[in-house]
Structure formats: structure tokens, C-alpha cells
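Have the structure open while you read.

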Amino acid sequence: MDKLFQPVATGRLTLANRIVRSATFEGLCDDDGRPTKAYLDLYAALAGQHIGALLTGFAYVTPCGRAMQPGQAGIEDDAKIPLYKTMTGLVHARGGKVLMQIAHSGRQTSARAVGGWARGASSQSSAYFGVKVKALTTSEAWALAEGFATAALRCQKAGFDGVQIHAAHGYLVHQFLLPSINDRRDIFGIDRKTGIGPQFLKVIIERVRERCGHDFPLWVKISGDDQPQHGLEGAPLIHLVRFLDQMKVDAIEISCGTMERALNIFRGQTVPLDAIWRYNPKYKTASILGRLWRRYVLYPFMRPGIRLFSPMYNLAYARQAKQHTAIPIISVGGFRTGQEMSTAVERGATDMVGLSRPFISEPDLVDQLIADHGWKAKCLNCNRCAVMTDSHQPTRCYRAVDV
Ligand SMILES: Cc1cc2nc3c(=O)[nH]c(=O)nc-3n(C[C@H](O)[C@H](O)[C@H](O)COP(=O)(O)O)c2cc1C
């Protein structure tokens, strides 16, 4: 039988197959980050689709960690536990498994979302997000690591099958890891020997283990990249994988990049400029002159930095990681055919595959793959789903729909 459809153990959690739905922002919570009925319905529906495990969209662990996208979930308040408990109950009743992705946006947010200055690993602000940033003091960083652990405990009480710490895509934990951002001189600074700053993540993992016990599944998502300001590759990436190996996390998902260049994380067949000019908070404009300037001056300037879609575009990082740990690795980014997924797993390049956009357009994708190994996902990588996360509308597929 195809290894892709065989069970895989990640610590105490055994998944029925090796396909996971990677974290995908839902835009389905109210202004206070409380899950709505539509959020519960989404996960109830996905749970019946034979996906090995579901990862929720990133949920903020404290109010200062909110992202700028409207409708983000929060796990910062005990009062929300019963709501999420209803959700996990629905998922389990349909035979699904669900882990919550817990996150803090750090500098990748807006003043509106966090009510003023953002908090970061350093005071360096992000060229794209622009919000002013105050570096966390040492004691605040300790307290925030504790905040992650308290959030994980809420997830455990709410019946989640585990948590995934978001240490990728330029969010706060990733900001601590990156020498291009982390200029701290305290315990949370960059380790000279390895060239990365894992101490903040280390304290989070230790605190989560203390609060939730060693059996509570703890996954971590990280970013590779060949541009040092957006991720780690080569020796620093190997150091990070070895660090996670020592910390005995239960699974490592490897994506790429930071939200500074979001379109390199979710690579498109093309760039949906029309939707960007209309909905992106930084680039939107109603004026014709503004659009012309963006299209003919700004875009050609930015275009060389944008990477377009290619199949399995992060698999090389997974392959590299697998040489340094026996912890299950999940490769995410550009898996679109049954053949690609099966071959990547069969050849040992990755233990599992993560998919985000294909499940937005085709929730029953796993059943299609089981019925036909040659199945090709319907997702066209048009990336409207990604651009529209800024639009106050729930995440959905815009294939053939005018935005
Ligand atoms: C609409 C949308 C929302 C996303 N939300 C998250 C998120 O909340 N957390 C996260 O780690 N990645 C998020 N991602 C990135 C995906 O998990 C994944 O890493 C990326 O899309 C590449 O996988 P794919 O080619 O299967 O889409 C999101 C991607 C999209 C398109």
C-alpha cells in the first residue's frame, strides 16, 4: 500500500495518513477573536474528509500578538475554552484530529490590530508592515513565553489533539531566531556558535511541557529560505533542526520565508495584481493614476523578488532536515498531485506532506487521491484566497470568481 496512506506516529499522536491540512487563516472569528458558528462548521466539515490532521489558522496567544487580518482567532482567554471545546468535539465526532497553531505576530501587524506599537524581538520595524516596534524587555519575553504555555494549556483543556508553535513566516518566534532581526544582548539573543536565536523558543517549549505534560503533542513550524533576512538555510537551518531534535518536539513542519514577502510563502502561478490593488492595505488605491504607477513602476521594481509557483518548492529543506533528526518532518508548499506526495514520502524526502490552498478549493482532496493516485488538485495557485485575507471576508476559493 502507498506509504502516503499509511499511519504515522508523531509522539503520542498517531495519524491515519500522512497528509495534513497546514495552518490556514480562516477569517471566521468575531472582533474579539471568538470562533463563530462558521468557524465550527468549517472544522466539522474538514474533519469528515479523511485528512491525517488539521492545523487551525494561527491563533494569537495574547492581545499584543494579534495579526492585522480581520477575523483572526484568539486563544488568549479562558472564557473561549468552551467554544473551542465545541469545535474539537465536532471534529472528534467525525473521526478527525485537530491541533491549534499558536502564534504571536510580533512586528508583523498593524497599529490598529494591537492598539499602538507592536512588540518584537528587536525594535527593528518591518518594511512591509511599517508599524513602530518596541523591543520586548527580558522579563516581558519570559512572560510572553509563559503566555504561549498558558495558551497551550487552554488548547489542551479545549480538547485539541496538540498545538503547533508558529516559529515560521517572520512572526515573533521566527523574529527571535533570525540574526537579521534579533540584535538582543540578553539571554534571548543570537547564539554565536550556531548563528540562530533559539532561546525564546526553548523557553516556550519547556513551559508548554511543564504546563501540558510531555505527552501533549507539540509541533513546530519553521521557515527555510536562501535569503537570510527571510529564513534559514544550510548550517543555521541544520542547527535549528538539531535544536528541535534535542527538545524532542513531536513534528517539524518546514515552510519558507516571512510575510515581508508573503507571495514567496504561498507561491502563485501569477500575481493577482487586480485583487492586490483593491484589497491589500499597503498597496490598495482607488485612483487610476495610483494604479498605473503601481502597475508600471512599482510592480516591475518588485517583480524580481517574487518567486512563482513550482511543485514541492520547500522539499529540499525537508530532505536536508531529515538527515539530522528522526522526528517526523512535514514539508509544505506546492504539493498538488498524488504522484508528487507519494514519491516524496516513499523516497524519504519527507515523512508527511502539508497542504493549504488545495484544501480551500477542494476539501475532499484526500478521498480523490485515494480513489485516483494520479489526481491533480484543482487549485490553480491564483492566490486570491491569500490576498483576500486582508479583506474582511472569510477565506475561500475565488477560482473563476471576480473579486
Ligand atoms: C489563505 C491562506 C492562509 C494561510 N494561513 C496560515 C496560517 O494561519 N499559518 C501558517 O503557518 N501558514 C498559513 N498559510 C501558509 C500555508 O500554511 C502554507 O505554508 C502555504 O500556503 C504553502 O502551502 P500550499 O502550497 O499547500 O498552499 C496560509 C496560506 C494561505 C493561502
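1. Start with Ile 102. Leaving out residues up to four places away in sequence, Ile 102 touches Ala 59, Val 61, Ile 75, Phe 148, Ala 151, Ala 152, Cys 155, Val 163, Ile 165 and His 166. Two residues are in contact when their C-beta atoms, placed from the backbone, lie within 7 Å.

2. A word on the model: it is predicted, so to speak of local features takes pLDDT of at least 70 and side-chain atom pairs count only at pLDDT 80 or more, while totals for chains, interfaces and linings use all residues. Numbering runs from 1 along each chain as its sequence is written.

3. Ile 102 is one of the residues with the most contacts inside the largest nonpolar core, along with Phe 148, Ala 152 and Ile 252; this core has 113 residues. A nonpolar core is a set of buried Ala, Val, Leu, Ile, Met, Phe, Trp, Tyr and Cys residues joined through C-beta atoms within 7 Å. Buried means 20 or more other C-beta atoms within 10 Å of a residue's own, with C-beta atoms placed from the backbone.

4. Another core, of 11 residues, lies apart from that one, and Leu 263, Cys 382, Cys 385 and Val 387 are among its members.

5. Now look at Gly 71. Why does Gly 71 count as buried? Because it has 23 C-beta neighbours inside 10 Å. Beyond four places in sequence, Gly 71 is in contact with Glu 26, Gly 27, Leu 28, Cys 29 and Pro 394. Its C-alpha atom is separated by 8.4 Å from that of Asp 32, 39 residues apart along the chain.

Definitions and conventions: A residue is buried if 20 or more other C-beta atoms lie within 10 Å of its own, exposed if 12 or fewer, and partly exposed in between; C-beta atoms are placed from the backbone.
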